[in-house]
Amino acid sequence: MRGKIKAAIIGPGNIGTDLLLKAARSEWIEPVWMVGVVADSPGLARAQEMGLKTTADGVDGMLPTLKEDGVQICFDATSAYVHAENSRKVTEQGAVMIDLTPAAIGPFCVPPVNLAESVAAKSMNVNMVTCGGQATIPMVAAVSRVQAVNYAEIVATVSSKSAGPGTRKNIDEFTRTTASGIEQVGNAAQGKAIIIINPAEPPLMMRDTIHCLTEDPPDEAAIRESVQRMIADVQQYVPGYTLKNGPVFEDRRVSIYMEVEGLGDFLPKYAGNLDIMTAAALRTAEMYAEQILSGKFIPSAA
Amino acid sequence: MDISGRKITLHDMCLRDGMHAKRHQISVDEMLTVARAMDDAGMPMIEVTHGDGLGGASVNYGFPANSDEEYLSAVCKAMKNTRVSALLLPGIGTVDHLKMAVDCGIASIRVATHCTEADVSEQHITMASRITGLDTVGFLMMAHMISGEELLEQLKLMEAYGANCVYITDSAGYMLPDDVTERVALARAELHPETELGFHGHHNMAMGIANSLAAVEAGANRIDGSLAGLGAGAGNTPLEVFIAVCERMGVETGVDLFKAMDIAEDLVVPMMDHLVRIDRDALTLGFAGVYSSFLLFAKRSAEKYNLSSRDILVELGRRRTVGGQEDMIEDLALDMARARGTA
């Protein structure tokens with residue numbers, strides 16, 4: 001039996017813990033480290049119970065033994081503010097960094113659209129855009145692979161309970177990073193992102209609307225087929241990724257209405273926005289692991 | 001009610017909230033004509049932006065006739081005394097838009113969030129409050145959805161981020177005067193005395209004037225409205241009417257009543273695409289507690305999918321939708337049409 005690639009999760013909060021539960025089931029990844037900054041954090045305690053090594057001294061607490069422990073992939077589930085520093089430290093030690101923050105210092109990765117390319121590029125830092133980006137960019141790409149998209153706009157509506165303090169403190173990062181992801185990965189000439197936070201109880205499921213304005217009149221049949229195919233690709237790692245309505249065609253507007261239900265590993269099912277991030281990050285890591293295990297990629301310090 | 005001797009600041013919404021009723025198609029020339037007339041009438045403040053604030057230009061809310069930058073730079077330059085504000089909804093607009101608006105010459109920025117989500121405004125309010133001379137306002141929308149105590153917590157957050165004025169906003173035109181009194185009085189008692197307090201009403205239940213008076217009595221000193229009521233839903237508090245009532249009650253606004261009436265009648269009403277009034281759908285907004293700018297979207301979806309716009313609005317209220325969820329309307333209409341077997 002082939003081995004697994006050892007991984008570290010930085011940030012034992014909701015996202016990090018959900019990622020841990022998913023990674024623990026992976027056939028390619030073995031989580032061995034959980035890195036935090038608060039000694040009595042419940043996330044660190046849970047990771048310890050699951051047999052991981054833990055530290056409350058941040059990345060510095062793991063660095064001395066990172067190589068010895070065989071860590072080749074790290075996930076950063078902290079914040080954009082500290083990501084650059086975390087990334088520098090672990091990539092210097094030869095581990096690939098998968099960035100779940102909106103820092104976006106590495107190339108964007110949206111698995112069903114450009115995962116293969118991202119891995120082939122052997123970048124030591126790869127960024128997962130934003131939750132809204134993961135949920136919507138596949139649909140922009142589904143339209144743009146059929147025909148030119150002049151403008152794509154997404155509206156992500158998330159429940160108040162699933163919008164963490166990081167997102168709230170820097171909501172502009174969300175709109176900017178998502179808009180660039182729509183352009184760079186979704187391949188729309190111009191991108192725009194809107195996020196709405198709704199406090200209704202019970203919390204609403206993540207909803208996403210994708211509007212594309214095509215250059216030429218939309219090829220309805222081809223777009224319908226492409227959208228269905230892309231949804232099936234996303235469903236491989238987020239089974240609750242569902243087309244609610246559309247594609248609606250009106251002149252050159254193509255509108256797609258999605259709902260994203262999470263797996264409910266650690267985060268509640270309505271928080272599909274967070275689930276799609278952790279699932280996409282894990283999928284990215286698994287692809288890297290496959291490359292590493294087959295000898296096609298040897299991560300090393302630049 | 002005795003409010004005589006009070007001095008209040010009026011803020012006209014024709015060129016921002018009115019954009020909703022005009023599908024964001026007001027021209028720069030129309031804006032200049034209205035704004036100059038308001039300046040001449042002594043209107044202390046006017047708001048100029050896409051209906052959904054800076055960066056609102058979108059498929060979701062509608063593309064405007066001109067950009068925010070074009071509107072703001074034209075109007076700001078033309079004003080002698082009237083101060084121009086812009087609206088910004090975090091999640092739609094960013095600090096980049098805010099900087100652009102400041103460069104255009106705005107005197108006031110109003111940062112708006114849903115009433116429970118004030119913490120998303122921290123970066124915008126903090127940045128604005130550090131710009132010398134920029135009036136920085138926190139604006140809590142759909143304020144009918146939570147209690148006075150809950151609202152106070154959120155207003156305090158905005159005050160702590162650096163807002164020198166905070167607003168209680170009845171985006172759905174749902175509140176009755178007692179609702180306003182309770183919320184404004186509590187906020188006035190608990191916020192710093194130097195923090196200004198405002199009320200923004202919608203006229204969907206014909207409570208614009210009554211609610212604004214209740215707000216003034218309870219301690220608000222800034223009141224939003226629009227001449228001829230040009231605004232989302234059944235419009236904002238009709239400002240020329242409010243000015244007349246203020247004069248009768250001895251409240252000082254500094255605006256020339258007859259000039260205000262003339263602007264309403266001669267300039268604003270002729271601009272309207274439809275008569276902004278309490279029609280069946282606008283009344284439904286107020287009754288069901290729905291964000292006022294949903295009005296025209298619901299009418300359009302109702303027409304397209306052969307549904308009742310009132311049914312759509314009632315359902316949007318039941319689902320507790322918030323401002324900005326315009327995308328929900330077509331989605332919901334498709335669901336309703338499918339349920340009826342006509343999609």
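A:Met34 sits in strand S2 of chain A, which covers residues 29-35. Keep in mind as you look around that this is a predicted model.

Is A:Met34 buried or exposed? A residue counts as buried if 20 or more other C-beta atoms lie within 10 Å of its own. A:Met34 has 28 other C-beta atoms within 10 Å, so it is buried. Which residues does A:Met34 touch, if we leave out those up to four places away in sequence? The list is made up of A:Ile9, A:Pro12, A:Gly16, A:Leu20, A:Gly43, A:Leu44, A:Ala47, A:Leu52 and A:Thr54. For a sense of scale, look next at A:Ile197, which is 163 residues from A:Met34 along the chain. The C-alpha atoms of these two residues are separated by 30 Å.

Now let's see how chain A meets chain B. Chain A brings 28 residues to this contact, and chain B brings 24 residues. On the chain A side, the elements that give two or more residues include helix H7 (165-169), helix H8 (171-184) and strand S8 (188-198) of chain A. Which element gives the most to this side of chain A? The answer is S8(A), with six residues. Sorted by class, the side of chain A that touches chain B has eleven nonpolar, nine polar and eight charged residues.

Let's cross over to chain B. Chain B contains 14 helices and eight strands. Its C-alpha atoms fill a box of roughly 60 × 45 × 40 Å along the principal axes. How does the radius of gyration of chain B agree with that of a compact globule? For 343 residues, a compact globule would have a value near 20 Å, and chain B has 19 Å, which agrees. Of the 343 residues of chain B, 59% count as buried. The contacts tell us about the fold too: among those in chain B with a separation of 6 or more, 76% come from residues 24 or more positions apart.

Where the domains meet, 15 residues of domain 1 of chain B are in contact with eight residues of domain 2 of chain B. The domain 1 side of this contact has six nonpolar, seven polar and two charged residues.

Methods:
Residues are numbered from 1 along each chain as its sequence is written. Chains are lettered from A and ligands numbered from 1 in the order in which they are written. This is a predicted model: local features need pLDDT of at least 70, side-chain atom pairs count only at pLDDT 80 or more; totals for chains, interfaces and linings use all residues. Helices (H or I, at least four residues) and strands (E, at least two) are DSSP runs, numbered from the N terminus. A residue is buried if 20 or more other C-beta atoms lie within 10 Å of its own, exposed if 12 or fewer, and partly exposed in between; C-beta atoms are placed from the backbone. Two residues are in contact if their C-beta atoms, placed from the backbone, lie within 7 Å. Ala, Val, Leu, Ile, Met, Phe, Trp, Tyr, Cys and Pro count as nonpolar, Asp, Glu, Lys and Arg as charged, and the others, Gly among them, as polar. The radius of gyration is taken over C-alpha atoms; the globule rule is 2.2 Å times the number of residues to the power 0.38.
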